[in-house]
Amino acid sequence: MGLDKGSMKIQNKPMINHILEALNGQIDEVVIVLNDDNRIKKYKKFIIQKNYSYKIYFTTDEDKNVGPIGGVKTGLKHINSDYGLVLPCDSPYIENDFVYYMFDTLEALLEDEENKDLKALVPYHRSPNDVNIIKRAEPLHTIFKKDLLPIIDELIEANIHRVRLIMKNQKCFFIPIDNHLIYDTNFKNINRPSDLEE
């Protein structure tokens with residue numbers, strides 16, 4: 001895009017504010033990870049705490065120039081709970097129902113003792129031909145367990161920055177994106193100026 005996506009306006013509102021609205025009434029805290037203090041100052045001007053039912057914290061990437069995996073790591077390090085929902089700032093069509101369904105499913109799974117070591121709750125796109133679910137996962141719309149941090153550190157140290165690989169060889173629960181419970185629109189990204197025009 002060549003611009004700061006989270007602050008770009010859609011329907012007269014910064015993109016990230018659409019996402020923050022979808023989280024209202026669903027969670028206790030949001031950690032917004034940005035790449036430097038200047039961006040934090042910029043975002044604090046249009047993110048107004050009183051508009052939201054949860055506490056908002058701002059922080060900067062601990063590992064610079066490693067892409068989204070650095071944001072995932074920093075965000076998980078700063079949450080107070082065992083699990084955190086990761087969302088990108090360029091998906092303004094996240095729905096309140098998606099957030100509710102993800103956390104409701106996690107809660108139901110954790111009632112079963114067999115799932116106490118569950119590391120991630122992952123939406124994925126169905127495909128009749130491709131058996132590799134991780135390749136079709138939406139890792140930036142995933143709930144990760146905080147104790148994955150050592151795995152993320154290992155990946156970053158090995159110069160491996162693909163967020164999907166956090167899930168490799170971990171106990172994950174995969175939820176199909178099927179337009180009945182999780183709608184495909186939740187995953188629409190704004191990557192090009194033409195996407196904004198749409």
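**View 1. Leu 85 stands opposite Ile 143 in strand 7.** The model is predicted: local features need pLDDT of at least 70, side-chain atom pairs count only at pLDDT 80 or more, and totals for chains, interfaces and linings use all residues. Residues are numbered from 1 along each chain as its sequence is written, and side-chain values use heavy atoms, without hydrogens and water. Strand 5 and strand 7 (residues 143-145) run antiparallel and are joined by three bridges. Strands (E, at least two residues) and helices (H or I, at least four) are DSSP runs numbered from the N terminus; two strands pair if DSSP finds at least two bridges between them.

**View 2. Four strands form an open sheet in the order 5-7-6-8, with mixed pairing.** Strand 5 and strand 8 are the edge strands, each pairing on one side only.

**View 3. Lys 119 lies in the loop between helix 4 and strand 6 (120-125).** Lys 119 is buried, with a relative accessible area of 17%; buried means under 20%, exposed over 50%, and partly exposed in between (1.4 Å probe, protein chains only). Beyond its neighbours within four places in sequence, Lys 119 has contacts (heavy atoms within 4.5 Å) that include Ile 143, Phe 144 and Asp 147.
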